[in-house]
Amino acid sequence: MRIRRIILVIGAIFLFSQLMPALAHAALVRAEPPPDAVLDHTPTEILAWFSSPLIAGSRLKVFDSQFRAAAVGPTVIDSADPTLMRAPIESLQPGRYTVNWEATADDGHVSLGSYEFIVREGSAALVWPVVGGIVVLVGVHICIHDAPSFGAATCC
Ligand SMILES: [Cu+2]
């Protein structure tokens, strides 16, 4: 009975030691924008958190539905949280986007993955014409109101 127990313990230690390197690989834990998110506004930055600390070589890339690369700034590993990598991104048109991540864990092993998010048609494109319309209306109002007292020369 004692020998059998010792064999079991050794077996468990062996199994655990085999699993350890696999645990060190970096897996995506969460991201901002999150996978499958539907956004009203274009994101300004892609953030991705992993299950283990990352080292240089880790990177984020973003592609549109036509597989064209979106303008993404250099990927950096967050100085306060080494499990977080982040990359600034230029304004995105409405559409479906794929984030490809390549995570180099601190054991040197590389893992890859991707997820999608959607930038919804609308908000940014709708807000500006409305704001422009208000500005034009206010301008016209001031012109008409001020015209009699300041004379035609001050009117736009
Ligand atoms: Cu590894």
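Of the 156 residues in this protein, 13% count as buried. A residue is called buried if 20 or more other C-beta atoms lie within 10 Å of its own, exposed if 12 or fewer, and partly exposed in between, with C-beta atoms placed from the backbone. This is a predicted model, where local features need pLDDT of at least 70, side-chain atom pairs count only at pLDDT 80 or more, and totals for chains, interfaces and linings use all residues. Residues are numbered from 1 along each chain as its sequence is written.

**Stop 1: colour by confidence**

Start with pLDDT, the predictor's confidence in each residue, from 0 to 100. Its mean over the protein is 79, and 63% of the residues reach 70 or more. Now select residues 125-156: pLDDT is below 50 there, and beyond near neighbours in sequence this stretch has 7 contacts in the model. Two residues are in contact if their C-beta atoms, placed from the backbone, lie within 7 Å. Where pLDDT is low, the predicted coordinates should not be read in detail.

**Stop 2: switch to cartoon**

You'll find 2 helices and 8 strands, and along the sequence they follow the pattern α-β-β-β-β-β-β-β-β-α. Helices (H or I, at least four residues) and strands (E, at least two) are DSSP runs, numbered from the N terminus. Among contacts between residues at least 6 apart in sequence, 60% join residues at least 24 apart.

**Stop 3: the open sheet**

Select β1, β3, β6 and β5. They form an open sheet of 4 strands in the order β1-β3-β6-β5, with antiparallel pairing. β1 (28-32) and β5 (76-77) stand at the edges with a single partner strand each, so one side of each has no neighbour in the sheet. Two strands pair if DSSP finds at least two bridges between them. β1 and β3 (residues 45-50) are joined by 4 bridges and run antiparallel; to see a spot along this pair, pick E32, which stands opposite L47 in β3.

**Stop 4: just past β1**

Stay on E32 and step to P33. A cis peptide bond joins the two, with omega about 0 degrees. P33 lies in the loop between β1 and β2, and D36 is found in the loop between β1 and β2 as well. D36 has a positive phi of about 65 degrees although it is not a glycine. Most residues other than glycine have a negative phi, and most peptide bonds are trans. Is D36 buried or exposed? D36 is exposed, because it has 9 other C-beta atoms within 10 Å.

For another non-glycine residue with a positive phi of about 65 degrees, jump to F67. F67 sits in the loop between β4 and β5 and is exposed, with 7 other C-beta atoms within 10 Å.

**Stop 5**

Across from K61 stands N100 in β7. Then bring in β8: 10 bridges join β7 to β8, and these two run antiparallel. Y97 has F117 in β8 as its bridge partner. The hairpin of β7 and β8 has 5 residues between the strands, and there G108 takes a positive phi near 90 degrees.

Which way does β2 run relative to β8? β2 (residues 38-39) is parallel to β8, joined by 2 bridges, and the bridge partner of V38 in β8 is I118.

**Stop 5: V110**

V110 is in β8. With 12 other C-beta atoms within 10 Å, V110 is exposed. Leaving out residues up to four places away in sequence, V110 touches E102, A103 and T104. The C-alpha atoms of V110 and L54 are separated by 9.6 Å, although the two are 56 residues apart along the chain.

**Stop 6: the core**

Finish inside. A nonpolar core is a set of buried Ala, Val, Leu, Ile, Met, Phe, Trp, Tyr and Cys residues joined through C-beta atoms within 7 Å. The largest one has 18 residues, of which I46, A48, L54, L60, V62, V99 and A103 touch the most other members. Elements giving two or more residues are β3, β4, β6 (84-88), β7 and β8 (110-119). Which element gives the most to this core? β7 does, with 4 residues.

Lastly, click A48: not counting residues up to four places away in sequence, A48 touches L28, A31, L60, M85 and W101.
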